[in-house]
Amino acid sequence: MELRPPETDADIAELIRAHGLSWREAYDDILPDAVLAEMTVDPTPEEVVQWREGLGGDGRTAVFVAVVDGTVRGFVDVRWGEENTKPFVGPDEAGVKAIYVHPEWWGEGIGTALLDRGLDTLPDRVETVRLEAFADNEIGARFYTARGFDRVDRIEREIAGKTYSLAVYAREV
């Protein structure tokens, strides 16, 4: 497995595919089918450009892909700096904005390797890393708690007109 920043539009397209397929699998019993069906798994060139531009590159973002057998199988997006993170992330903290692995590769250590690589890039001033996950996402809960995260808060988020509970997890780095 190779862990590196995404380098090509093909990398970004595969990253989007892993994201969409992971959402469809992990949130199958949480989100409505219509919402899951909207998750892109075969991105257009325009969607690739939008994602590439949204992945940062401002010195306060670390994005890595896991490449296995020449194909991106997952990615992590870690951010720090108040203007670059979600409201529940403090000034000396970082947030895991996203970490997704293609469902066919779950349980192979890719998520752990990506998380570790993302956290290794954090500046020394960062003391804590936070993230959010659907409160009903048992797969995510097991993954995060096994890697030292504690559930520290609960927030609400609206998706497609419905409100969902999300758990906030935190871990010292």
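**Reading strands, burial and packing**

Visitor: In the hairpin of S2 and S3, which residue takes a positive phi?

Guide: That residue is Asp69, with a positive phi near 55°. The hairpin has 2 residues between its strands. Keep in mind that we are looking at a predicted model.

Visitor: How do I read the pairing of S2 and S3: how many bridges join them, and do they run parallel or antiparallel?

Guide: Strands count as paired if at least two bridges are found between them. Here S2 and S3 run antiparallel and are joined by 8 bridges.

Visitor: What joins S3 to S4?

Guide: There are 7 bridges between S3 and S4 (residues 93-101), and these strands run antiparallel too. Gly74 turns up again here, standing opposite Val101 in S4. As a general idea, the side chains of a regular strand alternate between the two faces of the sheet.

Visitor: Why is S3 described as largely enclosed by the rest of the structure?

Guide: A residue is buried when its relative accessible area is under 20%. In S3, 9 of the 10 residues are buried, so the strand is largely enclosed by the rest of the structure. Take Arg79, which belongs to S3 (residues 71-80). Its relative accessible area is 9%, so Arg79 is buried.

Visitor: What does the side chain of Arg79 reach?

Guide: It reaches the backbone oxygen of Gly54, at 2.6 Å. Arg79 also touches several residues beyond four places away in sequence, including Leu55, Thr61, Asn84 and Lys97.

Visitor: Thr61 is on that list. Is Thr61 buried or exposed?

Guide: Thr61 is buried, because its relative accessibility is 14% and the cut-off is under 20%. You will find Thr61 in strand S2 (residues 61-68). Its side chain makes a polar contact with the side chain of Asn84, at 3.1 Å. Among the other residues that Thr61 touches are Asp77, Val78 and Trp80.

Visitor: Now for the helices. At what angle do H1 and H3 pack?

Guide: Angles of 65 to 115 degrees count as roughly perpendicular. Helix H1 (residues 9-26) and helix H3 (residues 45-54) pack at about 90°, with their axes 9 Å apart. The two helices are therefore roughly perpendicular to each other.

Visitor: Which residues make that contact?

Guide: H1 brings Asp9, Ile12, Ala13, Leu15, Ile16 and His19, and H3 brings Glu47, Val48, Trp51 and Arg52. Sorted by class, the contact has 6 nonpolar, 1 polar and 3 charged residues.

Technical notes. Residues numbered from 1 in each chain as written. Predicted model: local features only at pLDDT ≥ 70, side-chain atom pairs only at ≥ 80, totals over all residues. Heavy atoms only, no water. Helix = DSSP H or I, 4+ residues; strand = E, 2+ residues; numbered from the N terminus. Buried < 20%, exposed > 50% of the residue type's maximum accessible area, 1.4 Å probe, protein only. Polar contact = N/O pair within 3.5 Å; in protein donor to acceptor, adjacent residues only side chain to side chain. Contact = heavy atoms within 4.5 Å. Axes fitted to C-alpha atoms, helices over the stretch in contact; angles between N-to-C directions. Parallel < 35°, antiparallel > 145°, perpendicular 65-115°, else oblique. Nonpolar A, V, L, I, M, F, W, Y, C, P; charged D, E, K, R; others polar.
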